[in-house]
Each structure stands twice: as structure tokens, then as C-alpha cells.
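Please open the model in your viewer and keep the sequence panel beside it. The tour below moves from one selection to the next and says what is there at each stop.

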Amino acid sequence: MTFSTVVAPPIPASMSTTVSTDLALARLKRQPDIRLPEGVCEINDMTVVSPDMLLVSNNRQQCLQLLNCMKENVVSEVQLQNYPYRLCLTDRNTAAVNVGFRKVQMIKVKDKTLTKGRDLTVSGDILGLTSSRNSLVVSYNSQPWLEVISIDEKVLHQFDNLGTSLKLKYPDFMCTTPGGSVFLSDNGTETITKVDEQLHNLQTFASPLLKWPSGITAVSEGQILVCSKGNNSLVLLKPSTNTMSTLLGKDDGIELPWSLTYCPDQKKVYVAPYNTDTIKVYQV
């Protein structure tokens, strides 16, 4: 396993007081799968909205769906102008999803209802999307590679490979930790990279356990879960110790994992395989 580290300004300490579970020491028990009930679909990304609600980007039906995980029914749906890909929450009642290549659609999530808000135009073809400190963090398939953008479309920070040791090729999925660090999985270099809120490169992680990495989610500040699509596994990254381990594999029902999210209240991991309408559920 090889790592490269670049010195950068420290990240502010997390304000969260939640006690996290050490997934490396915990057992994960497989629960019944969740299947989206509304016809043919393809889950591109998903995020937890509340302990029993998932927000899902349904690429085939060109919509966002609010899914009740307990009842397995769609409680609200909003049609979009183009295919939805990555999504994230910007606050408790607002989500962002990139539609097509250069548009980000804001979505209000309130009273179990989805409503379209304003849309934002960005400077490149979007790959990944997350939020940090009420701003959007966007990754592209070419320079500038990464940008932090305010909700009023102002570019706050930009990263473009020039004069740095960090070389990106296909930064496809991103997540944000409680303390504001951003982790991105690069399918082109088969690495995970950590940057701070100003897009300074802090660490890059590589391992044979990572093959075609895709979906990524933060369980806590020190535990990052990654889909290793090529290895049919979920990998647990612990940045503080520079270690990776396989948490779940094909024997646990993991096959071509594409996107995932973690619910801290329910202590559940949700995994969507590639090109499917099914969500795998694991209870910590």
C-alpha cells in the first residue's frame, strides 16, 4: 500500500458530538433488500434524508425519488430536465443534484415532499458532487478538476493539477466528513484523495483493495467507506492510520457496488449495485 502526503492547513475540528461505531470491529448483518417499486430504474446515487428516508437519483426515469425504507414506497418524486447523476444534501431541507453535464438542480425536501428550486450553471462537465459549509464542491472530467461554488454561483476555490503532486483522471464520487474534509474516489487512478475546504491536497491513498473505486461515504471523520466495484467489495479506509481493509465482499451479497450511503441514526449501510433498481442493506 502506498501513500503520498502533502502538507496543508489544518481542517477545523468537527462540531459533531455523535459517538461513531468502529466498523472494523463491528459485525454487519445483511438485511432484506429494498427494491424501488416504480417501474424500471437505475440508481445513480443516493443519500440519507432522515432515519427512514432515502433520496435516490433514478437515471432511467429521469427523476429524484424520496423512498421510505421501512415501507419500500416512493412518497414523493420530482421529474428533471435531464438525467440525474450525483446528489448531496446542502442542508437539512435542501438537496443538490447534477442534471446533464453543466447544471446543478436545487431541490427542496420538506414535509416528505420534493420541490424544484433554482438551478446553477457550472464551468465544466460534472462528475462528482458534494457540499461543505453551505457551498457545493464539484469535480469535473478535465481542468479545473475541482471547484468550490457558492449557492449564488460564485467560484470560491479551484484546483487544477498545475504545480501539484495530485494528478486526477476521473474523480467520479465525493463525500464530506463531519469536520468538512472532502474525500473523492478517482476511477482513473484507482485512488482516494482527501482535500480540505480550500481544495488543498492532504493525502492520497492507494491499495490493491481498490479496483474501479466508485461510491464513497463518510461514516465518521476517521472512517470512510468506498465501493470497490472491480473487487465486488466495500473497503473501509482509516485515514489517520493509513490503512484499508475489506469490510464486505461477494459472499456478503456485494456485487458491482456503485453507490452507497450511511445512516448514523439507524447504523445502516445502504449499497446500490451498478445498473440496478435494488438497494442492499446492512445493519451494524
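Begin by selecting Asp 125 and Arg 102, whose side chains meet in a salt bridge with N and O 3.1 Å apart; a salt bridge here is a side-chain nitrogen of Lys or Arg within 4 Å of a carboxyl oxygen of Asp or Glu. This pair links distant parts of the chain, since Asp 125 lies in the loop between β10 (113-121) and β11 (126-132), Arg 102 lies in the loop between β8 (94-99) and β9 (103-110), and the two are 23 residues apart. The strands named here are DSSP runs (E, at least two residues), numbered from the N terminus. Asp 125 counts as partly exposed at 24% relative accessibility, and Arg 102 is partly exposed as well, with a relative accessible area of 42%; buried means under 20% relative accessible area, exposed over 50%, and partly exposed in between, with a 1.4 Å probe and protein chains only.

Before going on, note that this is a predicted model, in which local features need pLDDT of at least 70 and side-chain atom pairs count only at pLDDT 80 or more, while totals for chains, interfaces and linings use all residues. Residues are numbered from 1 along each chain as its sequence is written, and side-chain values use heavy atoms, with hydrogens and water left out.

How many salt bridges does a search of the whole structure find? The search finds eight, and one of them joins Lys 238 to Asp 22, with the closest N and O atoms 3.0 Å apart. Here Lys 238 belongs to strand β21 (residues 233-238) and Asp 22 to the loop between β1 (2-5) and β2 (29-35), so that the pair, 216 residues apart, links distant parts of the chain. Next select Arg 30, Asp 33 and Lys 280, which are linked in a network of salt bridges; within it, the side chains of Asp 33 and Arg 30 meet at 3.4 Å, N to O.

Now turn to Ile 279, which, not counting residues up to four places away in sequence, touches residues including Asp 33, Leu 54, Leu 67 and Tyr 270, where contact means heavy atoms within 4.5 Å. Ile 279, together with Leu 54 and Tyr 270, has the most contacts inside the largest nonpolar core, a group of 16 residues. Such a core is a set of buried Ala, Val, Leu, Ile, Met, Phe, Trp, Tyr and Cys residues joined through side-chain atoms within 4.5 Å.

Select Pro 239 next, in the loop between β21 and β22 (243-248). Is Pro 239 buried or exposed? Pro 239 is buried, with a relative accessible area of 6%, and, leaving aside neighbours within four places in sequence, it is in contact with Phe 183, Gln 203, Phe 205, Gly 222 and Ile 224.

Finish at the open sheet that four strands form in the order β11-β12-β13-β14, with antiparallel pairing; two strands pair if DSSP finds at least two bridges between them. β11 and β14 (155-159) stand at the edges with a single partner strand each, so one side of each is left without a neighbour in the sheet. Between β11 and β12 (residues 135-140) the antiparallel pairing runs over six bridges.
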